[in-house]
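Work through the exercises below with the model open in your viewer. Try each task before reading its solution.

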Amino acid sequence: MGNFRGFTLIELMIVVSIVGILTAVAIPLYSDYAVRSKMSEVMAFAAKAKSAVVESFQSAGVLPVNNGAAGLDVSGAQGDSRFVEAVNVADGVITIDVQNSGNPALDLSNVILTPFQMDGVTPVVAGYSGIIVWQCSVSAPNLARFFPPNCR
């Protein structure tokens, strides 16, 4: 028997099929991971809005009715985050519109942060002096998988 050199056709076909299977699994997982990281940035941006609402509530004793009452300047929202289209405060509830996520359905959605008293059930009312906790929800529940666990 002589010396064999190289690979057989079957061996090459097996390697190519294994690489194909791994790619078919890895690409969707990576894509979801990339979108989740973008939504983490949206949630980090939301922290500024939450701080503004809490500070306004502590100083005025009532939840701010709009961005101006909260002292929230979002004119540079796109400069601060490529993934936040708009931030709106209405009676203390913060709504953040998403953009440039890489997912068209997600770009049409928004994140809603609602303030509650420490028990997480009772809405914040004028004169409340305890800790404010935030309930996070996504306008399209099927897209909640892209957000941190507290929004699911």
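Two elements are in contact when heavy atoms lie within 4.5 Å. Angles run from 0 to 180 degrees between N-to-C directions. The model is predicted.

**Exercise 1. List the buried residues of α1.**

Solution. 
- Apply the cut-off: buried means under 20% relative accessible area.
- Go along the helix. V35, M39, V42, M43, F45, A46, A49, A52, V53, S56 and F57 are buried in α1.
- Recall helix geometry. An α-helix has 3.6 residues a turn, so residues three or four places apart point the same way.

**Exercise 2. Give the strand order of the sheet and identify its edge strands.**

Solution. 
- The sheet is open and has four strands, in the order β1-β2-β3-β4. Pairing is antiparallel.
- The edges are β1 (84-90) and β4 (133-138), each pairing on one side only.
- From one strand to the next, the twist averages 20°.
- Take one pair in detail. Four bridges join β2 (residues 93-98) to β3 (residues 110-116).
- Pick out a bridge. T95 has I112 in β3 as its partner.

**Exercise 3. Decide whether Q99 is buried or exposed, and find the backbone oxygens its side chain reaches.**

Solution. 
- Locate the residue. Q99 sits in the loop between β2 and α4 (104-107).
- Compare its area with the cut-off. The relative accessible area of Q99 is 14%, so Q99 is buried, the limit being under 20%.
- Trace the side chain. It reaches the backbone oxygen of R82 at 3.2 Å.
- Find the other oxygen. A polar atom of the Q99 side chain lies 3.4 Å from the backbone oxygen of V84.

**Exercise 4. Classify I131 as buried or exposed, then name the residues it touches.**

Solution. 
- I131 is in the loop between β3 and β4.
- Its relative accessible area is 55%, so I131 is exposed; exposed means over 50%.
- Leave out residues up to four places away in sequence. I131 then touches F116, Q117 and M118.
- I131 and D119 are twelve residues apart in sequence, and 9.3 Å apart from C-alpha to C-alpha.

Methods: Residues are numbered from 1 along each chain as its sequence is written. This is a predicted model: local features need pLDDT of at least 70, side-chain atom pairs count only at pLDDT 80 or more; totals for chains, interfaces and linings use all residues. Side-chain values use heavy atoms; hydrogens and water are left out. Buried means under 20% relative accessible area, exposed over 50%, partly exposed in between (1.4 Å probe, protein chains only). Helices (H or I, at least four residues) and strands (E, at least two) are DSSP runs, numbered from the N terminus. Two strands pair if DSSP finds at least two bridges between them. A polar contact is a pair of N or O atoms within 3.5 Å; within protein, one must be able to donate a hydrogen and the other to accept it, and residues adjacent in sequence count only if both atoms are side-chain atoms.
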